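Please consult the display below while reading.

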Amino acid sequence: MSDAAPIGSSVLARIASAKSRGEFGSIASAVPYAQFMGITLHIDADQLTTTMGFGPHQIGNPALPALHGGTLGALLETAAVFEVLYRGDPAAMRGLPKTITFTVEYLRSAGPLDTFAQATITRIGRRVANVSAVAWQNDRAKPVASANVLLMVG
Amino acid sequence: MTDDAARAERHNQKRQLGITFAANVPHNKALGIVIEAIEAEGVVFRLPYDAKLVGNPETGVLHGGAITALLDGCSGAAVFAALPRWPIATLDLRIDYMSAAEPGRDVLAFATCYKLTRNIGFTRAVAYHDDRNQPIASAVGTFMLATKGGDAAVTRATAGLAAATATEPPDAKEPT
């Protein structure tokens, strides 16, 4: 598979266009995996929140019950990518941000509830973005997982 | 039966329970994950390609999140295989992505638990198409052993499953 510039470029153009229309939140519905995971975007006072609406297919341990760790990882990674697309300039990117390294720490068992995530860009350079993200359920002060994500953006 | 044989038998029964449990984890089922092998030396999971797991609709490449879930589940199963005590909880997982998964192709994951302490299992895992030396992603993880509820909770959770799965045609390969 080629890494040539055109890959993802029309997706980026669509994202840039949605952003300019003030409809950035709608782009999650264009990603099949985000739909499968019940992931939606919400913007309030320029703060982007990525929400994973609960579905029984997200359960990892039915005995507790608790969400599968992979779903929280996916939510955090998704939140980081969307944050970069939201803060950065998609039109200037060669392709969609690509994860280089993803590190997640699980802090608490996550119950069968909606989960929210917010990401913060520590640094965005010409080629690499360093992003941290945190996920919580009913209490923002009690995060269920946190992550650091290194993304290729150039 | 000698003590050793009895221990091996208990170990084997727990491992079978672990396979049943892993195969019935709702999120594993939703992803379509197939448990190919659960052995002390390592665990192999298969993630069949599915359009619903695509991250980039233009290229058809699977979303990293699906690979994360695959590696997380496979690594957890490797800890279980090394020391059958449920449940376990992921403390930390680092994944390096080396190349995009090829559209249309299944992704395999191999995980091994290379060290167990009283409380923690340390794992390495790799995701690949057909050659572990040509990884799509590699991961290292740490897992907390025997968390809330202990074995009893898992025995309860799998008691009904064992009966239910016995009546279904086996769609997962027998562990080698």
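Where pLDDT is low, the predicted coordinates should not be read in detail. Chain A as a whole averages a pLDDT of 91, and 94% of its residues score at least 70.

This is a predicted model, in which local features need pLDDT of at least 70 and side-chain atom pairs count only at pLDDT 80 or more, whereas totals for chains, interfaces and linings use all residues. Residues are numbered from 1 along each chain as its sequence is written, while chains are lettered from A and ligands numbered from 1 in the order in which they are written.

Chain A contains three helices and eight strands. Helices (H or I, at least four residues) and strands (E, at least two) are DSSP runs, numbered from the N terminus. Read from the N terminus on, the elements of chain A follow the order α-α-β-β-β-β-α-β-β-β-β. The C-alpha trace of chain A spans about 45 × 35 × 30 Å along its principal axes. A compact globule of 154 residues would have a radius of gyration near 15 Å, and the 15 Å of chain A agrees with this; the radius is taken over C-alpha atoms, and the globule rule is 2.2 Å times the number of residues to the power 0.38. Of the 154 residues in chain A, 43% are buried, that is, 20 or more other C-beta atoms lie within 10 Å of their own, with C-beta atoms placed from the backbone. Among contacts in chain A between residues at least 6 apart in sequence, 62% join residues at least 24 apart.

Chain B has four helices and eight strands, and its elements run α-α-β-β-β-β-α-β-β-β-β-α from the N terminus on. Buried residues account for 44% of the 176 residues in chain B. Helix α1 of chain B (residues 3-24) has 22 residues, which at 1.5 Å a residue should span 32 Å; its end C-alpha atoms are 31 Å apart, which agrees. The expected span is 1.5 Å times one less than the number of residues in the helix. Among the buried residues of α1(B) are B:Leu17, B:Ile19 and B:Phe21.

The two chains meet in a contact that takes 38 residues from chain A and 39 residues from chain B. On the side of chain A that touches chain B, two or more residues each come from α1 (9-20), α2 (32-36), β3 (59-61), α3 (69-87) and β5 (98-106). The largest share of that side, eight residues, comes from β5(A).

Strand β5(A) also takes part in pairing, for which DSSP must find at least two bridges between two strands. With strand β5 of chain B (residues 89-97), β5(A) pairs in the antiparallel sense over five bridges. Here A:Val104 stands opposite B:Leu93, and A:Thr101 stands opposite B:Asp96. Within chain A, β5(A) pairs with strand β8 (residues 143-152) in the antiparallel sense over eight bridges, and A:Tyr106 has A:Ala145 in β8(A) as its bridge partner.

Methods
Contact = placed C-beta atoms within 7 Å. Buried ≥ 20, exposed ≤ 12 C-beta atoms within 10 Å, placed from the backbone. pLDDT = per-residue confidence, 0-100.
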